[in-house]
Amino acid sequence: MNTNRRSFLRLSAFALPFTRVNQLFAKTPAAGAPAPGAAAAGPVVISTWDSGQISNAAAWPVLEKGGRALDAVEQAAIAIENDINCCVGLGGNPDRDGHVTLDACIMDEKSNCGAVAFLERIKHPVSVARKLMETTPHVFLVGAGAQQFALANGFKLESGKLSPDAAKEYKKWLKKAEYKPVINIEHKQSKGHGPFAPARLDNGDFNHDTMGTLALDAQGNLSGMCTTSGMGFKMRGRVGDSPVIGAGLFVDNEIGAATSSGQGEEVIRVAGTHLVVEFMRNGASPEEACKKTVERIVKRDPERAKTFQVGFLAINKQGEVGAYSVQPGFAYTITTGDGKGKVVAAKSYLS
């Protein structure tokens with residue numbers, strides 16, 4: 001898809017001026033950003049990828065006014081879900097049968113959490129997840145049940161029509177994959193009932209770039225969210241790490257919080273964000289905790305790790321932030337006292 005996380009910056013009102021684009025993936029933090037591991041003064045919000053500038057710009061006004069971290073991360077999600085891009089919201093790439101299905105979760109400072117998965121035709125899955133968290137005893141709803149809950153709580157049913165970019169990419173993928181969608185029936189002619197989602201999109205980016213946001217508010221409380229349209233051209237019904245508490249997102253208000261992006265199956269296998277927080281509990285800095293978790297993933301299958309991307313982003317109670325990924329290219333956006341989002345390149349296991 002032509003619209004990917006890097007072109008978010010061109011399309012968004014919050015984009016950096018052109019003269020600063022070359023700074024985005026510098027190996028040192030942008031001017032004014034705390035160095036990785038350094039504590040931020042006052043509230044802080046961090047989001048995965050350079051497209052996190054869209055999310056952070058929506059979250060920051062809440063934090064700047066002394067608002068709650070939970071409200072800030074919800075606004076971050078709504079902003080990126082409104083954007084037309086490859087990987088988040090109803091404008092994202094569809095599954096292999098041509099349907100966009102959304103996953104999201106949200107978690108507050110008291111370990112309250114809500115999640116939805118395989119949700120269709122609802123624009124803001126993160127808000128559905130929050131409504132679930134705040135009005136029911138449940139944590140997770142999926143599919144038709146999640147949609148029914150959303151409609152019962154006033155969410156609008158959208159058309160389900162693919163965005164122009166998604167429709168174009170889906171048509172290209174169908175031709176290349178020689179896949180003929182049959183609703184609820186596997187494609188039996190291919191070994192393993194494939195084809196499966198490609199590891200990379202046509203532009204070379206790794207498939208499945210989730211948006212995760214973590215915030216520390218003026219009261220010292222943490223919250224986080226994770227939202228995605230999932231891996232482009234995935235099997236119908238596939239769910240990755242994004243809506244799974246402890247995989248795509250985990251918040252422990254005594255210790256810190258973490259979120260992830262990339263190949264969700266690999267994150268689920270190690271309960272990735274929970275593991276990051278536990279490493280911080282045992283004394284690791286946010287970057288060290290992310291690094292140790294990436295090493296755990298790579299150790300399982302070093303050769304296979306060369307074929308996928310996973311990145312972790314974390315913050316502790318002191319406002320220290322850090323990130324680490326399997327492959328080069330993962331970045332995060334941080335917004336602190338001046339309200340300007342700075343993009344920082346994460347270190348990686350492979351170079």
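Which residues lie nearest the centre of the largest pocket? Select L90, G91, E158, G160 and K161 and you have them, out of 16 residues in the lining.

Before going on, a word about what you have open. This is a predicted model, in which local features need pLDDT of at least 70, side-chain atom pairs count only at pLDDT 80 or more, and totals for chains, interfaces and linings use all residues. Residues are numbered from 1 along each chain as its sequence is written, and side-chain values use heavy atoms, with hydrogens and water left out.

**Stop 1: the largest pocket**

Stay where you are. A pocket here, on a 1 Å grid over the protein atoms alone, is an open set of points where a 1.4 Å probe fits, with protein on both sides within 12 Å along at least five of seven lines; lining residues have an atom within 4 Å of a point. The volume of this one is about 310 Å³, counted as the space filled by probe spheres set on the points. Colour the lining by class and you get 3 nonpolar, 6 polar and 7 charged residues. Gly counts as polar in this scheme.

**Stop 2: the second largest pocket**

Now pick F196, A197, M231, Q263 and E265, the closest to the centre among the 13 residues that line the second largest pocket. About 210 Å³ of space lies in it. Its lining divides into 7 nonpolar, 2 polar and 4 charged residues.

**Stop 3: helix α6**

Select residues 164-177, which make up helix α6. (Helices are DSSP runs of H or I, at least four residues; strands are runs of E, at least two; both are numbered from the N terminus.) The 14 residues of α6 reach 20 Å from first C-alpha to last, close to the 20 Å expected at 1.5 Å a residue, where the expected span is 1.5 Å times one less than the number of residues.

Show A166, E169, Y170 and W173: these are the buried residues of α6. Look down the axis of α6 and they fall within an arc of 105°, so they line one face of the helix. That arc is taken from the directions from the helix axis to the C-beta atoms. On the face turned away, find the exposed P164, K171 and K175. Buried means under 20% relative accessible area, exposed over 50%, and partly exposed in between (1.4 Å probe, protein chains only).

Step past the helix to E178, whose phi is positive, near 55°.

**Stop 4: K292**

Finish in helix α9, residues 286-300, with K292. K292 is partly exposed, at 40% relative accessibility.
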